[in-house]
Amino acid sequence: MSRWLGAVGAGQWTLRALVALMPLAAVLCTIGAGEGPAAWFVVLVLVLGVGWACFPESAAGATVLVLVLAWWGIGLRDGLHPWALPASLALLTAHVAATVASYGPVSMPVDPGLALLWLRRGLLVLVAAPATYALALVVRDAPPVAGVWLAGAAAVAAAGTAASVLLGGPD
């Protein structure tokens, strides 16, 4: 691959391997949940993951993430399986690795401070996964309340906006 990409900076191989393989790991977590994907889908996720690894700012990233999430939603009618937690870790790992890889050309070494910053951010986001999973299990059999999804989306948007205003600063 370095023949096409040129010289590869320190840490870039690791980041790009994570970007390429973690979406595939998230899809394969559904095997543990009792519903394995078709071979063609596994190949599609791997190809898109490799494309994302080569071009971390491309639409391949969003495409492969949406496909994996769709597989969890469609392939597993009940996505509330404990295997969703390692799958969320895999997708978050791929996203954070792609974000760090996209900060410069493939020849640029990964800045340890930048990698640590994004690792901390990723771990902070990961804290929400078990809490969200537990909450989903609690309300799983509750009758739907009118407007609950709209209120939830508004709360998430408000929290994201507040966090970006309060925590945003010069990069």
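Biologist: Happy to look at this with you! How does the lining of the largest cavity divide into nonpolar, polar and charged residues?

Modeller: Gladly, and keep in mind that this is a predicted model. The lining includes Gln12, Val100, Ala101 and Tyr103, and also Gly104, Met108, Pro109, Val110, Asp111 and Leu114. Sorted by class, the lining has 7 nonpolar, 2 polar and 1 charged residues.

Biologist: What volume does the largest cavity have?

Modeller: Cavities are found with a probe, and there is a simple idea behind that. Rolling a probe the size of a water molecule over the atoms shows where empty space is left. With a threshold of 30 Å³ or more, the count is 1 cavity. The largest cavity has a volume of about 50 Å³.

Biologist: Gln12 is in that lining. Is Gln12 buried or exposed?

Modeller: Gln12 belongs to helix α2, which covers residues 12-32. Its relative accessibility is 3%. Buried means under 20%, so Gln12 counts as buried.

Biologist: Which backbone oxygen does the side chain of Gln12 reach?

Modeller: Let's follow that side chain. Beyond its neighbours within four places in sequence, Gln12 is in contact with Ala101, Pro105, Val106, Met108 and Val110. At 3.1 Å, the side chain of Gln12 reaches the backbone oxygen of Met108.

Biologist: On to the aromatic residues! How are the rings of Trp40 and Phe41 arranged?

Modeller: The whole structure holds 2 aromatic pairs. In the pair of Trp40 and Phe41, the ring centres are 5.7 Å apart and the planes stand at 85°. Planes over 60 degrees apart count as edge-to-face, so this pair of Trp40 and Phe41 is edge-to-face.

Biologist: What kind of aromatic pair do Phe41 and Trp71 form?

Modeller: Two values describe such a pair. The centres of Phe41 and Trp71 are 5.6 Å apart, with 40° between the planes. Stacked needs planes under 30 degrees apart and edge-to-face needs over 60, so the pair of Phe41 and Trp71 is tilted.

Biologist: How many residues apart in sequence are the parts that the pair of Phe41 and Trp71 ties together?

Modeller: Phe41 sits in helix α3 (residues 39-54), whereas Trp71 sits in helix α4 (residues 59-75). Trp71 is buried, with a relative accessible area of 17%. Trp40, Phe41 and Trp71 form one aromatic cluster. Because Phe41 and Trp71 lie in those two helices, the pair ties together parts of the chain that are separated in sequence by 30 residues.

Biologist: Which helix supplies the largest share of the lining of the second largest pocket?

Modeller: This pocket has a volume of about 580 Å³. Of its 15 lining residues, the closest to its centre are Leu135, Ala136, Val139, Val148 and Trp149. Both α7 (128-139) and α8 (148-167) supply at least two residues of the lining. The largest share, 6 residues, comes from α8.

Biologist: How many residues of the lining of the second largest pocket are nonpolar?

Modeller: The lining has 2 polar residues and 1 charged residue. The nonpolar residues of this lining number 12.

Biologist: Which residues is Ala53 in contact with, leaving aside its neighbours within four places in sequence?

Modeller: Ala53 is found in helix α3, and at 6% relative accessibility it counts as buried. Its C-alpha atom is separated by 10 Å from that of Val106, 53 residues apart along the chain. Outside its sequence neighbours, Ala53 is in contact with Arg16, Val19 and Ala20.

Notes: Residues numbered from 1 in each chain as written. Predicted model: local features only at pLDDT ≥ 70, side-chain atom pairs only at ≥ 80, totals over all residues. Heavy atoms only, no water. Helix = DSSP H or I, 4+ residues; strand = E, 2+ residues; numbered from the N terminus. Buried < 20%, exposed > 50% of the residue type's maximum accessible area, 1.4 Å probe, protein only. Polar contact = N/O pair within 3.5 Å; in protein donor to acceptor, adjacent residues only side chain to side chain. Contact = heavy atoms within 4.5 Å. 1 Å grid on protein atoms, 1.4 Å probe; cavity = no way out; pocket = protein on both sides within 12 Å on 5 of 7 lines; lining within 4 Å. Points joined across faces, edges and corners; volume = space filled by probe spheres on them. Nonpolar A, V, L, I, M, F, W, Y, C, P; charged D, E, K, R; others polar. Phe/Tyr/Trp six-rings, centres within 6.5 Å; stacked < 30°, edge-to-face > 60°.
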